[in-house]
Amino acid sequence: MKTVLRAAQAGTMESNDLMVIVEPGSGGISIDLESIVSRQYGAAIRATIARVAAEMGLTDLNVKAVDKGALDYAVEARTRTALGRALAPETDGGRGK
Amino acid sequence: MDENLDLDVVDLDSESETLEVADFLARFGLGFEERPDYAVVLRLAGKMAGTGSFKGEVLRNLAVRDDLRGLGLTKTLVTALMREQTRRGIVHFFVFTKPGNAHMFSELGFKEIAGAPRLASLLETGIGSLGQWCRETAEAVSGLPSPRAALVMNCNPYTLGHEALIEKASRENEAVLVLVVREDLSFFPFADRFRLVEEGAEKFQNVRVLPSGRYIISQATFPTYFLKEEDRAEARSALDLGLFAEKIAPALAISRRYAGEEPLCPLTRKYNEAMLKILPPKGVEVVVTPRVTAGEKIISATYVREAFQKRDWAALADLAPKNTIDYLRSLAKEDPGRPEPEKSDRPPRRPGDALNRNSQTGRPEDPGAT
C-alpha cells in the first residue's frame, strides 16, 4: 500500500479550475470541498477525487479542494497531479522550485 | 493572465529588494518590519504591481496597486504563496484583512472566523478548520463534567504560581481545561513546557491539559503587523478574545476563564483588562487572582528564567515545583558552558530561536497566569 509522503498542491483558483491540497491522513480519505457549484456537483467532484485516490492505491488522505467550476476531467487531472507530487520522492531537499 | 506579468521571489537578505517591498506597502499603510518566511512581488511590464508574503500559516503584507484592482492579481499572489507554503508542509492558511475586503478572500475559499469591528477580519482555509478543532477538542475532553473553567498559559516554564492557579480553579469548578500556548516563540520549547504542566496537573482529578492550538494566542489571533500601532492592542485582543468567547467557549462548555494578576508585563496586563471587558458580556465570567508570593517577591516565570540563567538553584527552589527544577537541572547539565543562554549566536530573526520573543511578537508574556 502506498502512503502519501508529504503535503502537495495542484491547480489554481482561476475560473473553471480547481485547487487541490493533499496531506497524509489518519484513517480514511477525508475531503473538504468548497465549490461554487457544490449543490449541483459537490457529490460528483468528491467522487472523482476519491476515485483518483483509490486508483492510486491511497487509503489515508486529507484533501482540501477549492473549486471554481472545473469540469470533471480538470478535477481528475488536478487531483492526480497533487497526489503525484505528494508521492514523489524528494529530489531537491525541499528547497528548490 | 497578462503576458507582461512576472512573479518574482523577494530575496529577503537583499536590502534593496526588501526596501522596495516596504516602500510599496507603506503606500497602503502596511508595515514590513517583521521578516516574513517568504515574499513575492508581481510586476506588470517591469513595474511593481503587487506583493504578498507569509510567515508560517499566515498570509500577510498583501497589496495590489489601486489602478490594477479587479484583475485577479490578489488571487495570483495568494495562489503562489499557498503553493510555496504547501511545499513547505503548511496546509492550513490564515489571512487578515480589513473587514471591507473580506469578500475578496471568501472568493478564494477563505471563511471568516473572527472580526474586530471596523479594524480587522481573520479568515482561514485549507485542511483543518476552527469548527473541526472545536469538535475534536470537545471530543477529547468529553469525559469531563461541565461547566468548565479555562486557563490559557504559556508556562515558560511551569512555576509554583501556575500550580497554585490550577489548584484554585480545580477547587472552584466542576472541571478545568488548561490550554498551554502552542506556538514556539518562548525560551522553552512547547513539548517541554507542555510535559511539565501535564505532570504538575496530574494530581488534580478534574483538570485536563491541552495544547492551545492555532486559535488561541497564536500568530493568527494576534496580528502584530497588520494593524496601525494605535489600533493594535485593541484589535488584537478583540480578535483573540472574541474568538474564544464566541466559538471556543461554547464548544468546550467553558463558562469561566482564570488569569493571574499581571504586575510585570504591560502587554499581558492589557490583555487581562481586555478579557474583563470582552468576555463577561459574551457569557464567560473572568476570575483574576493575585499572584502567589515567595517571601517578598511574586512568583513569575520571568524570575524563574532569570534565576535559571544565573544557575541560582536556591532561588529556583522557592519559585518552581520539583519537576521543573529537575528539568532545568538536566538542561544545565547538557549545557554547562553557557550560563547565559539568551546570547544566541544564531541570527536573531528566525522564528523560534530568539529566547524571549514576546516583546517582539507583541503577544502577552503569559496570559492567564504567572
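Predicted model: local features only at pLDDT ≥ 70, side-chain atom pairs only at ≥ 80, totals over all residues.
B:Arg311 is found in the loop between helix H9 (301–309) and helix H10 (313–319) of chain B. Its phi is near 55°, a positive value in a residue other than glycine.

Most residues other than glycine have a negative phi, and most peptide bonds are trans. Chain A also has an exception. A:Asn16 has a positive phi of about 65° although it is not a glycine. A:Asn16 is found in the loop between E1 and strand E2 (18–24) of chain A. A:Asn16 is exposed, because 11 other C-beta atoms lie within 10 Å and the limit for exposed is 12 or fewer.

## Cis peptide bonds in chain B

The peptide bond from B:Ser146 to B:Pro147 is cis, with omega near 0°. B:Pro147 sits in the loop between helix H4 (130–140) and E8 of chain B.

A cis peptide bond also joins B:Asn156 and B:Pro157, with omega about 0°. B:Pro157 lies in the loop between E8 and H5 of chain B.

## The parallel sheet of chain B

Chain B has an open sheet of 5 strands. The order is E10-E9-E8-E11-E12, and the pairing is parallel. Strand E10 (207–211) and strand E12 (285–289) of chain B are the edge strands, and each pairs on one side only. The twist averages 25° from one strand to the next.

Strand E8 (residues 148–153) and strand E9 (residues 175–180) of chain B pair in the parallel sense over 6 bridges. B:Val152 has its bridge partner in E9(B), namely B:Leu179.

## Helices of chain B

Helix H5 (residues 160–172) of chain B has 13 residues. At 1.5 Å a residue they should span 18 Å, and the end C-alpha atoms are 18 Å apart, which agrees. Buried residues in H5(B) include B:Leu160, B:Leu165, B:Ile166 and B:Ala169. B:Gly161, B:His162, B:Glu163 and B:Ser170 of H5(B) are buried too.

Helix H8 (residues 266–278) of chain B also has 13 residues. In H8(B), the residues B:Leu267, B:Thr268, B:Tyr271, B:Asn272 and B:Met275 are buried. Seen down the axis of H8(B), the buried residues fall within an arc of 140°, so they line one face of the helix. An α-helix has 3.6 residues a turn, so residues three or four places apart point the same way.

Helix H7 (residues 229–252) of chain B holds B:Ala251. B:Ala251 is partly exposed, with 15 other C-beta atoms within 10 Å. B:Ala251 touches B:Cys134 and B:Ala138, not counting residues up to four places away in sequence. The C-alpha atoms of B:Ala251 and B:Trp133 are separated by 9.7 Å, although the two residues are 118 residues apart along the chain.

## A hairpin in chain B

Strand E6 (residues 111–116) and strand E7 (residues 120–126) of chain B pair in the antiparallel sense over 5 bridges. The bridge partner of B:Lys111 in E7(B) is B:Glu124. E6(B) and E7(B) form a hairpin with 3 residues between them. B:Arg118, in the turn, has a positive phi of about 70°.

## The mixed sheet of chain A

Chain A has an open sheet of 4 strands in the order E1-E2-E4-E3, with mixed pairing. Strand E1 (8–10) and strand E3 (29–35) of chain A stand at the edges, each with a single partner strand, so one side of each is left without a neighbour in the sheet. The twist averages 10° from one strand to the next.

E3(A) and strand E4 (residues 61–67) of chain A pair in the parallel sense over 7 bridges. A:Glu34 has A:Val66 of E4(A) as its bridge partner. Helix H1 (residues 38–55) of chain A lies across E3 and E4 of chain A, running at about 145° to E3(A).

## Confidence

The predictor gives the complex an ipTM of 0.85 and a pTM of 0.84. The mean pLDDT of chain B is 87, and 86% of its residues reach 70 or more. Over residues 339–360 of chain B, pLDDT stays under 50. For that stretch the model has 24 contacts beyond four places in sequence.

Notes. Residues numbered from 1 in each chain as written. Chains lettered and ligands numbered in written order. Pairing = 2+ DSSP bridges. Helix = DSSP H or I, 4+ residues; strand = E, 2+ residues; numbered from the N terminus. Axes fitted to C-alpha atoms, helices over the stretch in contact; angles between N-to-C directions. Contact = placed C-beta atoms within 7 Å. pLDDT = per-residue confidence, 0-100. Expected span 1.5 Å × (residues − 1). Buried ≥ 20, exposed ≤ 12 C-beta atoms within 10 Å, placed from the backbone. Arc of directions from axis to C-beta.
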